[in-house]
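Hello,

Here is the structure I promised to pass on to you. Please open it beside this email, and then read on for what turned up in it.

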Amino acid sequence: MGTGSGNIIISLTKHLGSRHSYFASDVSKKALAVAKKNAKLHKVRIKFKQGSLLEPWKNEKFDILVANLPYGWKKWKNNTSAATIGLKFEPENSLFTKKSGLLLINKLLKQAGKHPPSIIFLEFDPRQIQTLKIMIKKHFP
């Protein structure tokens with residue numbers, strides 16, 4: 001979820017091989033066009049759909065869910081440290097969201113809770129860990 005240019009899903013597909021099925025979604029048509037081009041370049045088979053999080057995949061059950069969603073927030077946005085300086089080249093909506101950066105992650109966890117995968121991989125800021133633990137317990141009691 002949050003496919004962007006496709007580097008994560010393409011890397012996983014190349015590493016794990018063709019014995020699995022791979023699905024990717026993003027809200028951005030532009031990002032998906034780039035991801036499709038990159039998948040073709042790297043000769044991997046991925047099913048792409050445009051849409052928000054798991055919504056395009058309502059009838060699918062996933063064993064593994066990998067999400068690279070926006071998790072930044074306004075205060076974080078103003079950070080000019082060396083660790084975040086390269087982010088100035090990224091589209092703002094791929095980096096920042098509401099609810100202290102956890103709006104989309106919470107929405108994804110809620111959706112995933114209906115058909116829980118075996119494992120979920122998320123990228124987040126370490127300062128969000130306590131709130132994230134609460135969200136996980138709520139959606140995966």
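Among contacts in the protein chain between residues at least 6 apart in sequence, 70% join residues at least 24 apart; contact here means heavy atoms within 4.5 Å. Please keep in mind that this is a predicted model, in which local features need pLDDT of at least 70 and side-chain atom pairs count only at pLDDT 80 or more, while totals for chains, interfaces and linings use all residues. Residues are numbered from 1 along each chain as its sequence is written, and side-chain values use heavy atoms, with hydrogens and water left out.

**Overall layout**

The protein chain has five helices and four strands, arranged along the sequence as α-β-α-β-β-α-α-β-α. These elements are DSSP runs numbered from the N terminus: helices are H or I with at least four residues, strands are E with at least two. Of the 141 residues in the protein chain, 35% are buried. Buried means under 20% relative accessible area, exposed means over 50%, and partly exposed is in between (1.4 Å probe, protein chains only). The accessible surface of the protein chain is about 9,700 Å², and carbon and sulfur atoms account for 56% of that. Such areas come from the Shrake-Rupley method with a 1.4 Å probe, and for residues only the protein chains shown count as cover.

**The cores**

A nonpolar core is a set of buried Ala, Val, Leu, Ile, Met, Phe, Trp, Tyr and Cys residues joined through side-chain atoms within 4.5 Å. The largest one has 16 residues, and those with the most contacts inside it are Met 1, Leu 54, Leu 65, Leu 69, Ile 105, Leu 108 and Leu 132. S3, H4 and H5 are the elements that give two or more residues to this core, and H4 gives the most, with four. Apart from it lies another core of ten residues, including Tyr 22, Leu 32, Ala 39 and Ile 46.

Beyond its neighbours within four places in sequence, Leu 54 is in contact with Met 1, Phe 62, Leu 65, Leu 108, Gln 111 and Ala 112. Ala 112 sits in helix H4 and is buried because its relative accessible area is 2%. The C-alpha atoms of Ala 112 and Leu 54 are 7.5 Å apart, although 58 residues separate the two along the chain. Again leaving aside neighbours within four places in sequence, Ala 112 is in contact with Leu 54, Leu 65, Pro 117, Ile 120 and Phe 140.

Helix H5 (residues 129-139) has Leu 132, Met 135 and His 139 buried. Seen down the axis of H5, its buried residues fall within an arc of 60°, so they line one face of the helix; the arc is that of the directions from the helix axis to the C-beta atoms. An α-helix has 3.6 residues a turn, so residues three or four places apart point the same way. H4 and S4 are among what covers the buried residues of H5. On the face turned away from that buried side, H5 carries the exposed residues Gln 130, Ile 134 and Lys 137.

In helix H1 (residues 7-16), the buried residues are Ile 9, Ile 10 and Thr 13. Down the axis of H1 they fall within an arc of 100°, so they too line one face of the helix. They pack against strand S1 (23-26) and helix H2 (29-41). After H1 comes Gly 17, whose phi is positive, near 90°.

**Charges and the surface**

Side chains of opposite charge can pair when their charged atoms come close. Taking a salt bridge as a side-chain nitrogen of Lys or Arg within 4 Å of a carboxyl oxygen of Asp or Glu, the count comes to two. In one, Glu 55 pairs with Lys 107, with the closest N and O atoms 3.7 Å apart. This pair links distant parts of the chain, 52 residues apart: Glu 55 is in the loop between strand S2 (47-50) and strand S3 (64-67), and Lys 107 is in helix H4 (residues 103-112). The other joins Asp 125 and Arg 127 (2.8 Å, N to O). Asp 125 is buried, with a relative accessible area of 7%, whereas Arg 127 is exposed at 56%.

Happy exploring!
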